[in-house]
Amino acid sequence: MIQSVCILGSTGSIGQSTLDVIARNPEKMQVYALSAFSRIKLLAQQAAQSRAKVVVVPDEAALKSFKSAWNSPHPMPEIRLGTEGLKQTAADAAVTTVMAAIVGAACLEPALAAAQAGKRILLANKESLVAAGGLFMQAVRDHGAQLMPIDSEHNAMYQCLPLEAQCSAPTAPYPTIQRLLLTASGGPFRQTDAAALHYVTPAQACNHPNWSMGRKISVDSATMLNKGLEVIEAHWLFAMPAEKIQVVVHPQSIVHSMVEYLDGSILAQLGQPDMRTPIAYGLGYPERIPSGLGLMDLMQLGRLDFSEPDFHRFPCLKLAFDALKSSQAACVALNAANEIAVEYFLNEQIRYTDIAILIAHSIEQVEKNTYDLSHLDAVLDLDEQARQIAKQYANTLRAAH
């Protein structure tokens with residue numbers, strides 16, 4: 001059966017790479033739906049080229065923009081709006097596979113809708129698990145959804161698991177796994193003196209040495225907050241406690257992650273720093289399909305380096321480990337406050353080093369209370385509360401400069 005794919009966030013780097021892999025395998029899969037938040041002209045081009053049946057845009061203004069950008073002899077796709085449109089499309093009976101690639105907490109509701117509809121979910125969004133891991137994994141179990149991690153690190157771990165351990169939503173660690181080794185490039189400031197980070201500009205933070213990514217995720221990589229989110233994500237994906245997850249700085253970004261077993265064996269997945277590899281693995285599973293990448297020249301690579309992360313240089317990574325060990329509320333606050341902090345930093349309203357300060361403050365304020373986060377509404381309410389706390393403190397930091 002040909003897969004019918006819904007790409008949530010099709011104009012981002014993951015979405016564009018997904019479209020590329022689908023186009024290389026037309027006999028196995030086709031595009032059913034696409035969504036975008038701001039790049040509406042590109043969305044129209046993608047929809048025309050892929051012959052999408054449905055597109056989702058945020059509001060009426062975007063709908064008008066899409067219609068005016070449509071320049072194709074083919075029929076215009078059905079246009080759906082907002083969060084309800086995303087949820088409806090993710091759960092659409094015509095969809096078999098959902099690529100969840102919207103950045104941030106905005107992906108939470110449609111990803112959960114896909115799980116509740118029993119879809120095959122290719123998860124490229126960290127926040128769905130960081131903010132609502134328990135809810136999301138329970139929905140996968142309850143509704144028989146198939147969950148495939150697409151982040152290169154978690155996809156690498158998944159590939160290193162025994163076939164019988166490739167469970168969509170495990171409730172306990174696989175018994176022979178001793179440790180998960182999560183690799184990190186170290187970003188653009190891997191060797192920068194910690195004192196110099198105070199003066200980092202948005203352009204410098206977005207200049208990743210290995211990966212081409214959006215501005216928000218590039219900053220997250222620079223602070224290593226993205227790796228902290230991935231630690232929390234790995235906890236939920238593999239039912240692994242924090243003490244059995246180790247971050248390893250690997251600047252070449254060739255070893256995407258590793259799994260260590262009780263007998264001392266370490267299995268690693270290697271590949272070029274190109275997201276088409278994990279995307280192709282997820283779309284083709286259990287088969288291997290063409291991704292568009294050529295052969296990797298190991299002789300030219302020469303060496304692979306590994307080192308421990310410096311929590312003094314990367315305090316956001318420590319904050320993530322602490323949040324995971326503390327509470328789900330702390331994880332919600334970590335993610336929400338980071339989104340606000342990065343937005344303020346990119347707009348040059350706070351300093352780079354203020355990002356960790358703002359996150360720590362927000363977690364501290366949130367953890368003064370207790371929360372029942374067994375329902376999505378409660379998670380979303382806390383997420384909004386944490387954002388307001390973060391905005392208020394960001395404005396204070398801004399005024400101080």
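Student: How many helices and strands are there in the protein chain?

Tutor: Helices (H or I, at least four residues) and strands (E, at least two) are DSSP runs, numbered from the N terminus. The protein chain has 16 helices and 11 strands. This is a predicted model, in which local features need pLDDT of at least 70 and side-chain atom pairs count only at pLDDT 80 or more, while totals for chains, interfaces and linings use all residues. Residues are numbered from 1 along each chain as its sequence is written, and side-chain values use heavy atoms, with hydrogens and water left out.

Student: What percentage of the residues of the protein chain count as buried?

Tutor: Buried means under 20% relative accessible area, exposed over 50%, and partly exposed in between (1.4 Å probe, protein chains only). Of the 401 residues, 56% count as buried.

Student: Where is asparagine 155 found, and is this residue buried or exposed?

Tutor: Asparagine 155 belongs to helix H7, residues 152–159. Its relative accessible area is 1%, so asparagine 155 is buried.

Student: Which residues is asparagine 155 in contact with, leaving aside its neighbours within four places in sequence?

Tutor: Contact means heavy atoms within 4.5 Å. With those neighbours set aside, asparagine 155 touches Pro149, Ile150, Pro278 and Tyr281 in this sense.

Student: With which side chain does the side chain of asparagine 155 make a polar contact?

Tutor: A polar contact is a pair of N or O atoms within 3.5 Å; within protein, one must be able to donate a hydrogen and the other to accept it, and residues adjacent in sequence count only if both atoms are side-chain atoms. Here the partner is the side chain of glutamine 159, at 2.7 Å.
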